[in-house]
Protein chains: 2
Amino acid sequence: MQRRHFLKTASLGVAGAAAAPFVSTSQAHANETYNWDMVTSWPKNFPALGTGANDFARRVEQLSNGRMTITVHGAGELVPALEVFDAVAAGTAEMGHSASYYWRGKVAASQFFTAVPFGMTTTEMNAWLYHGDGQALWDEIYAQHNLKPFAVGNTGPQMAGWFKKEINSLDDMQGLKLRLPGLAGEAMNGIGVSTVNMPGSEIFTSLQTGVLDAADWVGPYNDLAFGLHQVADYYYTSVWNEPTAALEGTINLDAWNALPDDLKAVVTEAARASNLAMYSEFAFRNAQALEALVDEHDVQLRTFPEEVMAALYESSQKAIQRQVEDDEASRRVYESYSAFQKIVRPFSDVGEYAYLKSRDNVGS
Amino acid sequence: MQRRHFLKTASLGVAGAAAAPFVSTSQAHANETYNWDMVTSWPKNFPALGTGANDFARRVEQLSNGRMTITVHGAGELVPALEVFDAVAAGTAEMGHSASYYWRGKVAASQFFTAVPFGMTTTEMNAWLYHGDGQALWDEIYAQHNLKPFAVGNTGPQMAGWFKKEINSLDDMQGLKLRLPGLAGEAMNGIGVSTVNMPGSEIFTSLQTGVLDAADWVGPYNDLAFGLHQVADYYYTSVWNEPTAALEGTINLDAWNALPDDLKAVVTEAARASNLAMYSEFAFRNAQALEALVDEHDVQLRTFPEEVMAALYESSQKAIQRQVEDDEASRRVYESYSAFQKIVRPFSDVGEYAYLKSRDNVGS
């Protein structure tokens with residue numbers, strides 16, 4: 001039924017535009033309603049990620065005064081978690097909510113729109129998307145797959161993950177079976193770890209049964225929700241793999257093009273508002289969960305030894321270089337990404353970083 | 001003329017609600033237009049602050065499909081820079097854009113909704129506003145002045161300011177004439193500095209003529225725009241005074257109450273989107289300006305010696321305590337603020353701060 005709505009809307013959009021070229025699209029469609037489906041990579045109402053998708057849909061409905069509704073579906077309801085990209089490209093649903101690096105096997109450059117090891121922070125990444133070439137490159141690459149992308153939320157910095165044994169040297173990492181996707185996973189492989197990817201919902205059992213020795217998921221809020229502290233004692237807080245992780249909204253390009261201008265503005269600004277809202281929520285919920293993990297569940301917080309961090313840095317630079325050499329789109333995107341990081345980082349260092357050091361040093 | 005619009009709209013709003021209690025406000029007002037004026041504390045189109053107010057107005061107009069317009073006025077066009085609060089409270093304009101700590105002489109607790117020395121970062125502050133009691137307390141305190149407040153933008157971390165002479169000890173601070181407002185100014189007074197406040201536009205001449213020895217303004221982007229590097233050689237990047245600075249939108253409460261629900265949502269979400277947009281813009285523009293200051297203008301970056309930072313921390317805690325003892329509203333707000341900072345800071349430390357250290361330590 002929802003599928004029918006979309007097709008009808010899309011064709012009306014084209015017909016309306018053709019019949020009345022001098023009437024603004026917004027006026028011509030002032031009384032039309034748009035009822036979209038959104039497929040997601042998260043369990044329905046999953047903390048911050050799933051609820052963040054719901055919040056985006058609520059914003060669109062409120063801002064449009066009910067002219068546009070979005071029905072949010074959990075992973076597996078309409079399509080499986082990792083088929084969101086294909087489903088939205090094909091028009092099975094008008095919109096998806098996921099993370100761009102999940103599509104790395106299909107679109108290598110998508111990696112750079114979520115997270116890069118030792119890459120930009122959340123603030124730097126948003127500056128690249130809104131004031132650098134980030135959004136334009138993302139648009140161009142996704143348009144080839146009939147998609148229009150937006151940043152719709154961010155997890156903020158992610159933890160390095162859960163380990164069953166303490167890591168005191170690079171030797172201790174050898175042969176560990178670790179769940180960690182993407183470029184960071186490749187970097188870990190480069191220092192002797194054996195990484196795999198699997199949906200978040202399988203991590204608990206895999207750690208429990210010994211299929212995994214260690215696993216990265218998101219951060220305290222989501223990790224606590226999956227009970228990972230029950231199956232691993234050491235929580236590594238060294239942030240290197242995902243200094244930020246932008247979540248993506250993908251919109252079928254035909255559905256996007258069929259929207260009148262004011263509803264395009266509604267979607268654009270609801271995405272921007274959701275980007276900040278989800279990041280703010282993670283800052284609060286992660287902090288609450290961290291307190292619970294340490295105070296109630298006796299979780300041991302650890303950081304990797306310096307030699308591990310140095311090896312991970314070298315290895316991640318090599319993994320990025322390999323990808324950039326293999327793929328022209330990746331080369332263009334990473335050139336823009338790394339040039340922008342060079343511009344914005346000095347201000348992060350004398351601004352945010354200088355302050356966090358100040359607050360630390362005065363013993364507050 | 002704009003004033004007339006506002007009064008007409010406000011009374012129609014009340015009448016409509018009374019006459020048709022079972023018709024949603026939004027439906028009853030679907031064809032009404034709302035034309036507001038916004039007075040600001042910034043020169044018209046001033047980098048990021050003035051243009052950020054313009055961007056907010058543009059968002060409201062686009063999201064409402066033209067049903068609501070906001071005409072933005074620079075400081076001095078309708079009312080002087082520091083009369084925004086009173087003008088909006090009185091209904092001279094429906095809305096203002098400014099910084100809440102400017103009203104500290106009138107509403108002491110307003111300080112805490114902009115910046116607190118050694119207080120929360122931008123991310124922590126937004127979490128307090130959106131997920132803690134921050135917004136509710138701000139609403140309550142401003143409602144007593146016939147105002148509804150929103151965070152509409154953020155400068156991010158601000159620099160410690162421009163000094164004509166290098167600071168190598170606490171002794172070097174004695175008797176310096178420094179432009180620095182608010183609690184941070186009081187903290188400086190407590191360590192032997194003599195602070196004053198003055199509008200940003202007067203800083204350049206005051207430094208040039210020797211009325212000032214030093215001055216804080218905002219950060220590289222706005223400081224470069226005022227040419228402060230031409231009248232002081234040392235730029236202190238130690239962030240302690242304003243780890244974040246939220247900008248405020250204030251709305252006359254009668255004008256706010258007269259809006260239908262969908263336009264209330266438009267204003268709320270345009271404010272949230274603008275909050276992120278301005279912060280992202282500052283991250284980029286400050287970085288560009290910092291590069292220009294150092295590479296083209298040979299500005300010397302410095303940080304305060306440890307003994308100065310330690311003294312500023314002690315002194316700022318005393319200044320906060322004095323205010324909290326003197327004013328019941330300040331006590332309530334600061335209790336919420338500091339409790340929230342205690343909750344969120346540990347995650348900032350293992351997240352953002354841990355990452356910035358990692359990126360630094362690997363020598364990237």
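Buried here means under 20% relative accessible area, with exposed over 50% and partly exposed in between (1.4 Å probe, protein chains only). Because the model is predicted, local features need pLDDT of at least 70 and side-chain atom pairs count only at pLDDT 80 or more, while totals for chains, interfaces and linings use all residues. Residues are numbered from 1 along each chain as its sequence is written, chains are lettered from A in the order in which they are written, and side-chain values use heavy atoms, with hydrogens and water left out.

- Phe304(B), leaving aside its neighbours within four places in sequence, is in contact (heavy atoms within 4.5 Å) with residues including Phe163(B), Met173(B), Met188(B) and Trp240(B).

**The interface between the chains**

- Chain A and chain B bury about 6400 Å² between them, 65% of it on carbon and sulfur atoms, where buried area is the accessible area (1.4 Å probe) that two parts lose on being put together, summed over both.
- Phe347(A), Tyr355(A) and Arg359(A) supply 12% of the area that chain A buries against chain B, which is more than any other three residues.
- The contact between the chains takes 67 residues from chain A and 66 residues from chain B.

**Aromatic pairs and charges over rings**

- The whole structure holds 49 aromatic pairs over all chains, counted where rings of Phe, Tyr and Trp (its six-membered ring) have centres within 6.5 Å, with planes under 30 degrees apart taken as stacked, over 60 as edge-to-face and the rest as tilted.
- Phe284(A) and Phe340(B) are a stacked pair, because their ring centres are 5.1 Å apart and their planes are at 25 degrees.
- This pair crosses between chains, from helix 11 (residues 261–295) of chain A to helix 13 (residues 328–361) of chain B, and both Phe284(A) and Phe340(B) are buried.
- Trp162(B) and Tyr235(B) also count as stacked, because their centres are 3.9 Å apart and their planes are at 15 degrees.
- Trp162(B) in strand 5 (residues 161–163) and Tyr235(B) in strand 9 (residues 234–236) of chain B are 73 residues apart.
- Arg272(A) lies over the face of Tyr130(A), at 4.8 Å from the ring centre; a charge sits over a ring if NZ of Lys or CZ of Arg is within 6 Å of the ring centre and within 35 degrees of the ring normal.
- In chain B, Arg272(B) lies over the face of Tyr130(B), at 4.8 Å from the ring centre.

**Glu124(A)**

- Glu124(A) is found in helix 5 (residues 122–131) of chain A and counts as buried, at 1% relative accessibility.
- Leaving aside neighbours within four places in sequence, Glu124(A) is in contact with several residues, among them Phe340(A), Arg345(A) and Arg359(B).

Key:
Helices (H or I, at least four residues) and strands (E, at least two) are DSSP runs, numbered from the N terminus.
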